[in-house]
Amino acid sequence: MTILSYLKALNRALTDEMERDPTVCVFGEDVRAAVTNVTAGLAKRFGTERVLDMPISEQAFTGVATGAALSGQRPLIEYQIPALLFLAFEQIANQAHKFSLMTGGQARVPVTYLVPSSGSRDGWAGQHSDHPYSMFAHVGVKTAVPATPTDAYGLLVTALRDDDPVVVFAPAGAMGRREDVDLARLAPIPLGTGRIHRPGADVTVVAVGHLVHLALDVAGELADTISVEVFDPRTLHPFDWQGLAASLDRTGRLVVIDDSNRSCGIAGEILATAAEQMHLLAPPKRVTRPDGAVLPFAEALDRALQPTHEQVRTAIQSVAKAGGFR
Amino acid sequence: MADSAALYRTVRLIRRFEERAVELVRSGAIFGGVHPYTGQEAIAAGTCAALRADDVITSTHRGHGHVLAKGADPARMMAELAGRATGLNQGRGGSMHAADFGVGILGANAIVGAAAPIATGAAWAARRAGSDRVSLTYFGDGAVSQGVVLETFNLAALWRAPVVFVCENNGFATTTRVADAVAGSITGRAEAFGIPAVRVDGMDAELVLAAADEAVARARRGDGPTLLECVTYRFDAHHTWEHTARPRYRSAEEVSLGRVRDPLDIQGARVPSGVRAEIDAEIEDLLDSAVRFALDSPHPDPATALDHLYADGTRVRAGVA
């Protein structure tokens, strides 16, 4: 067994795929020097024809990746900060994503957009702390938010092999995770398959990305009184609705933890779908960022707008004892 | 006629402010780190000396120098870096968003190139309001390949907007050299839109001031924008994160060569040593009290984390119900 860090898992997935498939190439800012460390060693190993440092021109290099993908390459773009997705949004949502349908299926756009350290990274303030994964699920771009090193490896490999654009968010809050793994057993993970990290009988907690670890901590603390099932959807679009329905068949109670802004965030979609189609014994709850949140700089303010341990604990306790729909 | 002592004072203030800020990052008093401006001080000092108090600037992620040179209170700036309620932005902005509208600082900006159109809009509005106020916007060499900057050049030139574009060419966009990122030239980009462009020694505050005086006068008399490409060298890290991560993109030898021409020494040599010593002592006192003020100030109350989200105080739903 080997200790695998989340960061190393991303690096390994990319290295393995570049080794296996010569069409996989990397575009990004400072990817040769590997300032995020995700691309460490790649320029040396695969050459600067395949690992390209880009000028600060996100719209342009995102569109260039689309063109390269239409012509047989499989680019991965690394965005150093989540807000760069806003700059490139037109090129992803309105170009790359739409080519397949608009061309009557002539086009394939196999581009992977990777955001290492998405969400708050402690003290980077309003323009560097967003977690816009719900936005991509909303427009329909395939969206993965792995929580663990194994899932980071498996989902990044799948994204690179997928024939559609896929955005992979690697939350800052998960980047430091480490796991004891058998490297030979690392494998691609299909999009749209959730993972039950902890089985339980009383309440299903759906947690996105790094919040899986928060959910597991709270579930452990409450173990004597409430049996919590922790369900990690792993990809938000496509979403493992069957897996969630099966979990709610067992528990009938739902709490969702999501680092998105509340209004139109993925937690709202999960609650709505569960309410429409699934077995619920009590009104569900979600713990999110506030509506339209902008993260302030100061540490206490930054923390105050992200889901907290206490909020999650209280939400689970309250859903567990709710007597059912009135 | 340049006031050499005043320019020296600004350069010295910024240099020592940055050194104190880096110390506070190391001690943990500043959360999240900073992008040090060390080595580039002559640009902020020279350009801001050409501005009136009512002129406005926009700044960058490496913006402490601009903010101080334009006249923000160093104590409230330091408090902002430390995330305190007494900071320029009440602890909401931090290093990359420091703003003080009272002295014409429309904000540092964390997105490369994003402030150029903002400054141009302010310039357009000033003219519309009948004012001869000028906007000056800073960006780095990394920004010159951002579409928004080139689109802004077009608008500013079309409208003959009273704006001065200041490109601080410090040689690197994080780790990427200008030669690896910029086709053609920086001045050529502006010239393509009919904007006069000048390459200036960004290590010499008086040369920067002379060029900025001309550009500001041109803008003020309604003759439109100018680009100043100020050539400089970043002495310290892209961000203090580099002090521990140590990415390899320039050698120690290269950095020491880059530091040979130091804007502090160049300007200092023009000031009598007695005057220089007085200024140095005054700045140490000023920064001692700024640091003390910052660290003695209260942290903001978490219950106020959503204050100012909307101008009219609209309250939004919390993250839990």
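Student: What makes strand 2 and strand 4 of chain A a pair?

Tutor: This is a predicted model, and in it five bridges join strand 2 to strand 4 (residues 74-78) of chain A. Pairing asks for at least two bridges, so the five found here qualify the two strands as paired. They run parallel, and one bridge links Val24(A) to Arg74(A).

Student: How do you know that strand 3 of chain A pairs with strand 2 of chain A?

Tutor: By the count of bridges again: three bridges join strand 2 to strand 3 (residues 51-53) of chain A. With at least two needed, three is enough, so these strands pair, in the parallel sense. Here Gly28(A) has Asp53(A) as its bridge partner.

Student: Why is strand 2 of chain A called mostly covered?

Tutor: A residue is buried if 20 or more other C-beta atoms lie within 10 Å of its own. In strand 2 (residues 24-28) of chain A, five of its five residues are buried, so the strand is called mostly covered. Both faces are covered: Val24(A), Val26(A) and Gly28(A) are buried on one side, with Cys25(A) and Phe27(A) buried on the other.

Student: How do you know that the length of helix 9 of chain B is close to the expected one?

Tutor: Helix 9 (residues 205-220) of chain B has 16 residues, and the expected span is 22 Å at 1.5 Å a residue. From first C-alpha to last, the helix reaches 21 Å, which is close to that value. Just after helix 9 of chain B, Gly222(B) takes a positive phi of about 90 degrees.

Student: Which residues of helix 9 of chain B are buried, and what covers them?

Tutor: Among the buried residues are Val208(B), Leu209(B), Ala212(B) and Val216(B). Their cover includes helix 1 (4-27), helix 2 (41-49) and strand 7 (226-231) of chain B.

Student: What makes residues of chain A and chain B count as in contact?

Tutor: The test is C-beta atoms within 7 Å. On that basis, 37 residues of chain A are in contact with 39 residues of chain B. Helix 11 of chain A gives the largest share of chain A's side, four residues. By class, that side has 20 nonpolar, nine polar and eight charged residues.

Student: How confident is the predictor in chain B?

Tutor: On a scale from 0 to 100, the mean pLDDT of chain B is 96, and 100% of its residues reach 70 or more. The model scores ipTM 0.82 and pTM 0.90.

How values were computed: Residues are numbered from 1 along each chain as its sequence is written. Chains are lettered from A and ligands numbered from 1 in the order in which they are written. This is a predicted model: local features need pLDDT of at least 70, side-chain atom pairs count only at pLDDT 80 or more; totals for chains, interfaces and linings use all residues. Two residues are in contact if their C-beta atoms, placed from the backbone, lie within 7 Å. Ala, Val, Leu, Ile, Met, Phe, Trp, Tyr, Cys and Pro count as nonpolar, Asp, Glu, Lys and Arg as charged, and the others, Gly among them, as polar. A residue is buried if 20 or more other C-beta atoms lie within 10 Å of its own, exposed if 12 or fewer, and partly exposed in between; C-beta atoms are placed from the backbone. The expected span of a helix is 1.5 Å times one less than its number of residues.
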